[in-house]
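Dear colleague,

I am passing on the structure that we talked about, with some notes on what turned up when I went through it. Please read the notes with the structure open beside you.

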Amino acid sequence: MAEILLRPKGSIGIMVEAEVISPNIFAGKNKAEIEGLLVWQGPVQLPLGEFFDVDVRSAAGLPERARPEETSILIEGDISRVKRIGQGMKAGWIEIHGCAGMHLGAEMAGGSILVQGNAGSWAGMGMLGGLLHIAGSAGDHIGSAYRGSWRGMTGGTIQIDGNARSQLGGGLVGGKIVVAGNVENFCGIRQSGGLILVKGSAVRGTGAEMNGGTIAVCGAIKQFTPGFVETGREENPKLGDVQLEGWYAKFTGDYALGKNPKGSLYCREG
Amino acid sequence: MSATIIRNGCVFDPLNGINGDVLDIFIRDGKVVSSLTGAEQRDATIIDAGGKTVMPGGVDSHSHVAGAKVNAGRLMRPEDHYKSVRTKTGITHGGSGYTVPSVYKQGYDYAAMGYTTVFEAAMPPLEARHTHEEMRSTPILDMGAYMVFGNNWFVMRYLKEGDIEKAAAYVAWMMRTHKAYGIKCVNPAGVENWGWAKNVRGLDEPNIHFEVTPRELIRGLAKVNEMLGLPMSLHLHANNLGHPGNWEIARDSLMITSGIVPKNKSELEWAETKESARRRQSVYLAHAQFSAYGGTSWRDFCSGAPELAGYINQVDDVVIDSGCVPFGPATTMTGDGPAQHDLYMLTGQKWSNTDVELECGSGVLSLTYLKSSPVHSVQWAIGLEVMLLIDDPWKTIMTTDHPNGGIFTQYPQLITWLMSKKARDDTARECHKWAYDKSSLGGVDREMSLYEMAIVTRANPARTIGMAYRKGHLGIGADGDVTVYDIDPGKLNLNDTTALTARLARPDYTVKDGRIVARQGEIVAVPEGRRYYCRPYVGDALEKEMLSDVKDWFKYYTVGFANYPVPDKYLKNPVAIPVNKPLEAEAMVRR
């Protein structure tokens, strides 16, 4: 087991692109090696040690021997100006005591990330697997596809205890996103698979251009998407491994996209 | 005075009949020479090519690398740029894009792969400025662009009236005005119908309003081409492209030009070659793969390549480029608006469409070719069939119709498939079974040699488009464009397909005008390329008569007549090729 502690040295000006902060890259490296990893800040590459104090602790044996799944990264402080943390990680653990910047856990395939504060936009973009838990609120495009792409997250779980903004789960193909609070516009746009559960309310465009998968909204949808048709009502529906309680109206859509869309939208009644 | 010597390489130079002979290549001031003086040799840059393959610099005669539709592809596909990035160096710009790279990245990527000359295959007249702007910003490469004429109002009107002289006068004026190199004809008569949400389905189906048929347009433009005596022949994108069963219309289209005698009336100094460097063909069919489909629908879709190749094997006046499909992401872009719409209806992918006023149209769509797809697997097979079933390599050119069938950076993979049956069999096993079941590729044993590869990637593209007066070979007086591959022809192992592809993708050296521009994939010098265009002439009286027609209809344009031409400043290092010089043209009076 190896535990790496990162503490920001001070406030960060131009945002830093730190996809090197990942158990896959930290695994088997000592303090000096981690400090020497290069990150982009604007047009220049600088060592990670410029921005963070690094402390490596090893529970048993040498940290050099730790594999990614035995590597935990603990970040203490506000890193809302540090982007791409945990990008593409395949195993291990990242815990952030503070707020995280954009692209947190983008394209991660395994392992876990826990943010105690808020996360910026694009967290979990194109995620393949693993768990991303945001205890605060999150920005736009959480668990969505990259701009222009219609294939987003394909697996794994994103859990948001607060609210998320627009385009949550855009182009979702698989996996699960659960939002305890509210979402804004175009939640599940172009969704073709997977599950989005919003325990609060949504504003508009929910499931727009959806062609598969499931969205459930427990609160209200302020402006309902016009291309959806009611197909019945269900009591206590079970969506994958998620058990809902109460009566839900079930809709199919989005007929704006094609003649035979396969998307399901559940809305809690009254 | 600068000199370069490429020593002891195994040289493949088909236009000079050199097949792997160990030779020294001498270059002085950018041109190939027979020898250098002792003093020149002492100061020369020397490349040791012992045990390596030396070819003329690569020539791509059909690629989409500049202009409005290419840029539309860039704009509508941010996801294409996200992961394909080239960081800047001390001498190069940064760039991004996989299927539609930025102009800088295109130039570097082509040069790093051993190519030095690339021609843009479709320039709408109204987008000529944009096309030249992008070519001006493309580093290293020598370039030119073919202008789209197959649905041009003036061409359709003159050919319907049977006034071929005026059509020739119009084409000549347009090529000078917009600095175009050749005549491209895209879905003749059909794209005009697309303005009314229709297409044409047969060669003798007149289109709306102009009531001109594809046959009249193909024959007319091919005749205009030879009346003017352009360096390249008519470049044809056949009707019904991309539809099952279209091989017949492709063959019938190629028959239309038979009997038309190729005449190159350009006034140029020709570098020395052993074989004739002048084109034989009167029609050059674009991306044959997309026009070699059998069956009647996508359900019984199959290859029509054996039938199309059967015809081409019988005639000597046709050259094709393949438009191969090497799998993976692509961005289809063509002046064939209706074909792109059909593809959109089929795939539901992102699609953009443009109507270019009195001239043509265009469509762009994002697409990924999958080995798991039955249709895509057959397309892969057809692309290789058209190269391998046409016996004479001097009738074929290897392309992907970048970025329609695939990306130009996939050429090394394509070459490997053409050179190795094992490579084809390996890929067929990963594909949908239709790849071999619905084509004849599985039964094709032919493996192209390095000599044949030099024909289909260098000598023939250059000869077909009339650039062999200086490109595509290493005869005395040719441009000093050379590619040195780390491939020992004596020890060529066609079973190690991965290594072969890797060596073709990263030549040891790319030399442009005698200067090393790329070394093992790294760009080491960034010279500015040349821009070629033709300046054909007809008689003054005829031109005047034609221009009064043009001015009369210019009221339908959204631009003013004075703003229509592309000014010289849009071209960097322009090379104007005089064709059918005014004196000679005086003879070409009306009837």
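Trp298(B) counts as partly exposed, because its relative accessibility is 28% and that class lies between buried, which is under 20% relative accessible area, and exposed, which is over 50% (1.4 Å probe, protein chains only). Phe301(B), by contrast, has a relative accessible area of 0% and is therefore buried. Please keep in mind that this is a predicted model, in which local features need pLDDT of at least 70 and side-chain atom pairs count only at pLDDT 80 or more, while totals for chains, interfaces and linings use all residues. Residues are numbered from 1 along each chain as its sequence is written, chains are lettered from A and ligands numbered from 1 in the order in which they are written, and side-chain values use heavy atoms, with hydrogens and water left out.

A search of the whole structure gives 33 aromatic pairs over all chains, where rings of Phe, Tyr and Trp (its six-membered ring) pair if their centres lie within 6.5 Å, and planes under 30 degrees apart count as stacked, over 60 as edge-to-face and the rest as tilted. One of these pairs is formed by Trp298(B) and Phe301(B), which is tilted, with 5.0 Å from centre to centre and 50° between the planes. Ring pairs also link a cluster in chain B, whose members include Phe149(B), Trp153(B), Tyr170(B), Phe210(B), Trp553(B) and Tyr564(B).

Also in chain B, Ser372(B) lies in the loop between strand E19 (360–369) and helix H13 (374–389); helices (H or I, at least four residues) and strands (E, at least two) are DSSP runs, numbered from the N terminus. Ser372(B) is exposed, because its relative accessible area is 54%. From Glu267(B), Ser372(B) is 105 residues apart in sequence and 51 Å apart in space, C-alpha to C-alpha.

Turning to chain A, there are 2 helices and 21 strands. Its radius of gyration is 20 Å, close to the 18 Å that the globule rule gives for 270 residues, so chain A is as compact as a globular protein of that length; the radius is taken over C-alpha atoms, and the rule is 2.2 Å times the number of residues to the power 0.38. Of the 270 residues of chain A, 51% count as buried, and its C-alpha atoms fill a box of roughly 60 × 40 × 30 Å along the principal axes.

Strand E1 (residues 2–8) of chain A pairs in the parallel sense with strand E6 (residues 71–76) of chain A over 5 bridges, two strands being paired if DSSP finds at least two bridges between them, and Ile4(A) stands opposite Ile73(A) in E6(A). E1(A) also runs antiparallel to strand E5 (residues 52–58) of chain A, to which 7 bridges join it, and here Glu3(A) stands opposite Arg57(A).

An open sheet of 4 strands in chain A has the order E4-E3-E2-E7, with mixed pairing, and its edge strands, E4 (44–47) and E7 (82–83) of chain A, each pair on one side only. Strand E3 (residues 38–41) of chain A is joined to E4(A) by 4 bridges in the antiparallel sense, with Trp40(A) opposite Gln45(A).

Finally, the charged end of Arg190(A) sits over the ring of Trp150(A), 3.5 Å from its centre, and the charged end of Arg233(A) sits over the ring of Trp247(A), 4.2 Å from its centre; this requires NZ of Lys or CZ of Arg within 6 Å of the ring centre and within 35 degrees of the ring normal.
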